[in-house]
Amino acid sequence: MDDGPRALDRRTASLATALMLDVPPMPCIVPDGVFDAWSWCESDVIEWRRPADAPPILRETPAIDGQNPAGLVFVMREECTLLPRELARLHAFGYGLDGELALAPYAIDDATDLLYANRLRPRDVFWLAASTLDALVWGLHDWAHFHNHGPFDQPAMTELQCDLVALAWLRRNAARIGLDDACLTTVARDLARLSRKRFDEEQLASPVADLDALFLGPYPETL
Ligand SMILES: [Zn+2]
């Protein structure tokens, strides 16, 4: 069994670039009750890998318009039998993956609940495969869910909080990722537009009058 994770690292080292992104815990700024266990596990780092031959991330048009795009895969370091899983190589291409397993793409909510219920530290379970900017943004968004449990009975508010954390993490690591200010602005506006749509769909007033200003500004102290 000495051939597990280290074998994977040897095989993928020349195919993918790996970065440990700095993802510290952030304060909860949405009303009490949206989350029932904020920061039950303090986030610290996420290992992000990307195929070495993928085009530079800035060359892509960032269009953040849907949940969990293709190319976003949480690859298991070792098989986690508690979680729905599939072969990682069916979803993550260009990493040299073989028999490694990944969280099933439909199971983000299951992982949010089961990691919390079993007190499994996300970074001990997964590394993130994300080949594009939208995949990375959603990967960070899901990473926020994985460390902050909520009943998800206020979806627009829950998603707003996780988007703000993901954006704060993206900004913090922007230079290392290779993102410029224009790109971060585009991501912030995309997330604001999505948030507005979610509140509209729930027929709720947005908690702030100007969601664009909220996302374009620094991480808020309160809503
Ligand atoms: Zn979400």
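This is a predicted model: local features need pLDDT of at least 70, side-chain atom pairs count only at pLDDT 80 or more; totals for chains, interfaces and linings use all residues.
Two strands count as paired if DSSP finds at least two bridges between them. I start there because β2 and strand β6, residues 126–130, are joined by 2 bridges, and that number meets the cut-off of at least two. The two strands run parallel.

Staying with β2, its other partner here is strand β1. β1 covers residues 16–22 and β2 covers residues 45–51; they pair in the antiparallel sense, over 7 bridges. On that side, L21 stands opposite I46 in β2.

Now to β6 again, and its pairing with β3. These two run antiparallel and are joined by 5 bridges. L72 has A130 in β6 as its bridge partner. As for cover, strand β3, residues 72–76, has 4 of its 5 residues buried, so by the cut-off of 20 or more other C-beta atoms within 10 Å it is mostly covered.

Next, the helices. How are two packed helices described? By the angle between their axes and the distance between the axes. For helix α2, residues 108–117, and helix α4, residues 133–147, the angle is about 30° and the axes are 8 Å apart. Which residues meet? From α2 they are I108, A111, T112 and L115, and from α4 they are D142, H145 and F146. Sorted by class, that contact has 4 nonpolar, 2 polar and 1 charged residues. On the spacing of such positions, an α-helix has 3.6 residues a turn, so residues three or four places apart point the same way.

Helix α5 is residues 155–172, which is 18 residues. At 1.5 Å a residue it should span 26 Å, and its end C-alpha atoms are 26 Å apart, so expectation and model agree. The helix is also mostly covered, with 14 of its 18 residues buried.

Y219 is placed in the segment after α8, which is 211–216. Is Y219 buried, exposed or partly exposed? It has 14 C-beta neighbours inside 10 Å. Buried would need 20 or more and exposed 12 or fewer, so Y219 counts as partly exposed. Setting aside neighbours within four places in sequence, Y219 is in contact with M26, L164 and A168. With L164, the separation is 55 residues in sequence, and 7.0 Å in space from C-alpha to C-alpha.

That is what I have for this model.

Technical notes:
Residues are numbered from 1 along each chain as its sequence is written. Axes are lines fitted to C-alpha atoms, for helices over the stretch in contact, and angles run from 0 to 180 degrees between N-to-C directions. Two residues are in contact if their C-beta atoms, placed from the backbone, lie within 7 Å. Ala, Val, Leu, Ile, Met, Phe, Trp, Tyr, Cys and Pro count as nonpolar, Asp, Glu, Lys and Arg as charged, and the others, Gly among them, as polar. The expected span of a helix is 1.5 Å times one less than its number of residues.
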